[in-house]
Amino acid sequence: MLDCGMHMGYNDDRRFPDFSYITQNGRLTEFLDCVIISHFHLDHCGALPYMSEMVGYDGPIYMTHPTKAICPILLEDFRKITVDKRGETNFFTSQMIKDCMKKVVPINLHQTVQVDDELEIKAYYAGHVLGAAMVQIKVGAESVVYTGDYNMTPDRHLGAAWIDKCRPDILISESTYATTIRDSKRCRERDFLKKVHESVERGGKVLIPVFALGRAQELCILLETFWERMNLKAPIYFSTGLTEKANHYYKLFITWTNQKIRKTFVQRNMFEFKHIKAFDRAYADNPGPMVVFATPGMLHAGQSLQIFKKWAGNEKNMVIMPGYCVQGTVGHKILNGQKKLEMEGRATLEVKLQVEYMSFSAHADAKGIMQLIRMAEPRNILLVHGEAKKMEFLKDKIEQEFSISCFMPANGETTTVETNPSVPVDISLNLLKREMALGGPLPDPKKPRTMHGTLIMKDNSLRLVSGDQALKELGLSEHQLRFTCRVQLQDAHSDADTLTRIYTHLKSVLKAYTIQHLPDGTVMVESIVIKVSSTAEEPNVKVILLSWSYQDEELGSFLSTLLKKGLPAAL
Amino acid sequence: MKLYCLSGHPTLPCNVLKFKSTTIMLDCGLDITSALHFLPLPLVHSQRLSKLPGWVSKDGMINLEKELKECAGRVFVDSLPEFCLPEKELLDLSTVDVILISNYHCMMALPYITEHTGFTGTVYATEPTLQIGRLLMEEFVNFMERVPKAQSATCWKSKEIQRLLPGPLKDAQEVWAWKRCYSMQEVNSALSKVQLVGYSQKVELFGAVQVTPLSSGYSLGSSNWIIQSHYEKVSYVSGSSLLTTHPQPMDQSSLKNSDVLILTGLTQIPTANPDGMLGEFCSNLAMTIRAGGNVLVPCHSSGVIYDLLECLYQFMDSANLGTAPFYFISPVANSSLEFSQIFAEWLCQNKQSKVYLPEPPFPHAELVQTNKLKHYPSIHGDFSSEFRQPCVVFTGHPSLRFGDVVHFMELWGKSSLNTIIFTEPDFAYLDALAPYQPLAMKCVYCPIDTRLNFHQVSKLLKEVQPLHVVCPEQYTQPPPSQSHRSDLMLELQPPPMAYRRCSVLGLPFRRRYERIQILPELAKSLVPSEIKPGVSVATVSAVLHSKDNKHVLQPVPKPAPAPPTKKRKRVQEEPPERLGPKPLLSGAVPLEPFLATLHKQNKWCSMLPQMRVRVSCKEIYGTKCSN
């Protein structure tokens, strides 16, 4: 199972995957070899405790170390909002999250994990958030790469996704930004800073709803360096709780960040912010400008929504949405230009503050997806994690550019992809070395050499050995097959002369062969014996006797055909 | 398959393995014990060391006053220290394809190899090994470069002269191969050739060999290596530990089924128990501090020091150490402490779960935060003004020949209140102390070496069952000082193959098979027939395609149909191509159908009276008939 996420836009059963697609009768353990979680975002791991503890799964769950560290915290946070705030029942408990995490096996980048005798997995750096990974899944010669979410351009705190040319049979890629080609990141950053700066200059308050981990750190580093450079004094706050802790994770998992941060962390740890302080609820009413990072990112609940309500009425203020918002959230509504929002208890909220959208999501855009395809050279592509219409466009583009088939199954749909694996066999070193020596240092594409061997299939092993060795091993004797053929020829010479004439003729035709005229009245072409005889009644009708072994079939047939045509008169 | 042994030091190995057309160097250890023959390099001008008498042979024939000095009854070389490199003449080192590093102590000779032998290959190491190895090299270079010494002594090395010198200088080996320390530039260039690998990562070398590092449990990122093809497996075990300290535990099961196991890096102090030594360390330290004395701990800047600090952290309150500060003085002290905290993936489970909280895995973060542990790049600068006594000083180098430790020896050596505690096992402590004698200071020797001892190793070998074991000759006999202890050696059946510096061992291997891929189109065309119950056979005729050491069998291409030209008749007269041998004929002949076919053929043949088919053996395969 690749990822086990939840849908942010639903609050009913539809938020979790429908596991009855796997089995109708409850527990999943016997249907799954393993579960792999690509990163800690809830749309990739939100249903994990539900799946493992409520539906029932006891096998291994693989994720990277940072994901293992951060995932339970986000799950607990999600649980609190759902159960404690909204009062839902029939939801997973804290204990279930703990029990679920006990089943997690942490993996390192590039480590090959042997799940069972056949199945092996390997993680690659995906760059999307701290600890995000792509996974290669391999059985024998067949393999699948699942990207999770990834980012092909390095940013201020993470590196770019990377994979080697592993030529998987299927590449399962996210396609969030299937049709977007984003302008340069530098422009977006400049835009962002300009907007924040202007707003603060005119005394406004800026709200940036973020998820605690991921873009939050990226934007903090951006603002921190800007504040330092411009010597600004307006306070920057970070909503408390999770986020302080989050920065600790970044410090301890610094090996997962980009090269620059890793190189300088001893002198200056980029996640120790000087200008950014912890937020207190009371600060929201302070006069004067300020910038606040608050969770969650889609303005659907919690502190960010509270602050938004307070500040929405003033046109001097600004909210900057740095990422994607799911339909149904306040974030989605205001981005679509809605100016009046219905709140709980029939109150309406007028939105006067400026609303800005700026994509800082660390997903690969169309260019990035194509780049990854070029990197991995898959034989088939399967698009997921995107909108159908946009996927359609990308699918066409991929099929055009790479001429490989591209699939985009909808929920509940099954895609069958044919693979064509070759068969691994053990070849005897003697045979291989002999063939390679005969073949010469460079292969000749015009005259391919045919090698012969015998494949022995025994106890699940396949061995290719030379014929002699196979016979010896199996205790069999070799059969001799000889072909003998008589050709009648009119030739007015003595038998001996005819033989000499044949010898001379063959000499001129078969230049590359050894031809011998033996004193016992035979001509040997390689191992083919040629004799001439005639009867006393018809001395001019010569009977030529040819005899060859199966090994010399081609040459033997050729000779008999040649001699049937008679000898040239010129001899 | 051959093994070239370039180092005689069992814990600082350097071997080259030739295996299936690849040349693989296993570790690149630098033997630093040669430094013990040199005078210490003082950081601050030392009256005592600068006024030592030069050495003249008893008969006055040889005068090496400038190069050799007499100090405390021994003769030392007065020059920048030199170190014993791996053997460079045994084979052409430019042919080495890759270098596999097992831990940061075993890579100190890397710049000599990568920069001065024409090496063009790749070095493989884990990230902690690279980062901490870099720190140790940086420190090493820094120790040498900050006390420049113009003099380089060479006369004493001449064979005729060395023979006449007093011991132990007389017995020094390979003195002509000794070299000075490299420069930072060479370090950077050497380390730029390192490619990072993770545990259990399979790395393909030229498609012929696969190498995989495995956790060895000895230090951060330390690894053993598996070198294997589809049929042969060589395990390289170097510096492994089964004790639970900070690194990830040793991966033993992956070493199973090796054809050859190369065993190096066992404990250097087989008689000492690391846990007991740690206790002794703490109690001696506490005793000295309580009596108002200072404690000097000469140590490497990474490794055991993390365990020492952790031990002190737990022990501090109960031991009544008061406010005595701990100082860690090294050019890389800060980096070493910081780096230790960011390698969660490489730590033991216990420490990993701390990171999940999130808390720093090592408690020295708290010691630093509460100012109990202070770190300084050197004794100059801030340290001189903030220094308070009594205190505990951790500093290098453990050989006592260079680094800040030289200063503390001069400073504290005269007082019997002070104690020096040796924890590193790499140097004989009496030899290390020789140029400082006579000393009033107390000396305590608690070497902590967590590497495998002989008992653990024989248990391990029983478990993983290698066919052959290769090890340094030192492991095949008891240590010279304890020749009656037959338990301090390897006793195996078959006996291990022992090596010494410059040995070339032929490893007992017979390669029989190679992996080849049969393309699906070809595989489909094969017709297996069951010869015996459970054994099927198919004859294969195919085109062999070999590229990058990978072999593929493709179907024989069908000859292109001859173009219908007017010269067709002439084409037919071309003699046939010489083809390879035909598949062999064997097996039972289905007699009934064969006779039937023969009968049919005979009818056809009878129409051409000049042709006849004759079967000239008892058994016949198939029904092929000549035209």
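A cavity here is a set of points on a 1 Å grid, laid over the protein atoms alone, where a 1.4 Å probe fits but cannot get out. Lining residues have an atom within 4 Å of a point. There are 18 of them around the largest cavity, and L12(B), I32(B), H105(B), H300(B) and D426(B) are the closest to its centre.

A quick word on conventions. Residues are numbered from 1 along each chain as its sequence is written, and chains are lettered from A in the order in which they are written. Since the model is predicted, local features need pLDDT of at least 70 and side-chain atom pairs count only at pLDDT 80 or more, while totals for chains, interfaces and linings use all residues; side-chain values use heavy atoms, with hydrogens and water left out.

### Annotated spans

UniProt, in an unreviewed entry, puts "domain: Metallo-beta-lactamase" at residues 26–181 of chain A. That span is 28% helix and 24% strand, with its end C-alpha atoms 44 Å apart. For chain B, an unreviewed UniProt entry gives "domain: Beta-Casp" at residues 305–433. This one is 42% helix and 12% strand, and its end C-alpha atoms lie 21 Å apart. Helices (H or I, at least four residues) and strands (E, at least two) are DSSP runs, numbered from the N terminus. UniProt annotations may be inferred rather than shown by experiment.

### What is packed inside

Which residues touch the most other members of the largest nonpolar core? Of its 233 residues, they are F192(A) and F394(B). Such a core is a set of buried Ala, Val, Leu, Ile, Met, Phe, Trp, Tyr and Cys residues joined through side-chain atoms within 4.5 Å. Buried means under 20% relative accessible area, exposed means over 50%, and partly exposed is in between (1.4 Å probe, protein chains only). Leaving out residues up to four places away in sequence, F192(A) touches I208(A), L219(A), L222(A), L223(A), I320(A), M358(A) and F360(A), where contact means heavy atoms within 4.5 Å. A second, separate core has 27 residues, among them L510(A), I528(A), I544(A) and L562(A).

I236(A), in strand β10 of chain A, is buried at 1% relative accessible area. Residues up to four places away aside, I236(A) touches L223(A), W227(A), H275(A), I276(A), K277(A), V291(A) and F293(A).

Helix α9 of chain A (residues 302–311) has Q303(A), S304(A), L305(A), I307(A), F308(A) and W311(A) as its buried residues. Their cover includes strands β9 (205–209) and β12 (290–294), along with helix α10 (330–335), of chain A.

Over in chain B, S223(B) sits in strand β13 (residues 223–228). S223(B) is buried, with a relative accessible area of 0%. Its contacts, neighbours within four places in sequence aside, include I101(B), T126(B), Y199(B) and S238(B).

Most residues other than glycine have a negative phi, and most peptide bonds are trans. Here are some exceptions. Q389(B) and P390(B) are joined by a cis peptide bond with omega of about -5°, and P390(B) is in the loop between α11 (382–386) and β19 (392–395) of chain B. The bond from Q437(B) to P438(B) is cis too, with omega near -5°; P438(B) is in the loop between α13 (429–433) and β21 (442–445).

As for phi, N231(A) has a positive value of about 55° although it is not a glycine. Is N231(A) buried or exposed? N231(A) is exposed, with a relative accessible area of 55%. L400(B) has a positive phi near 60°, but L400(B) is buried, with a relative accessible area of 0%.

Terms used. 1 Å grid on protein atoms, 1.4 Å probe; cavity = no way out; pocket = protein on both sides within 12 Å on 5 of 7 lines; lining within 4 Å.
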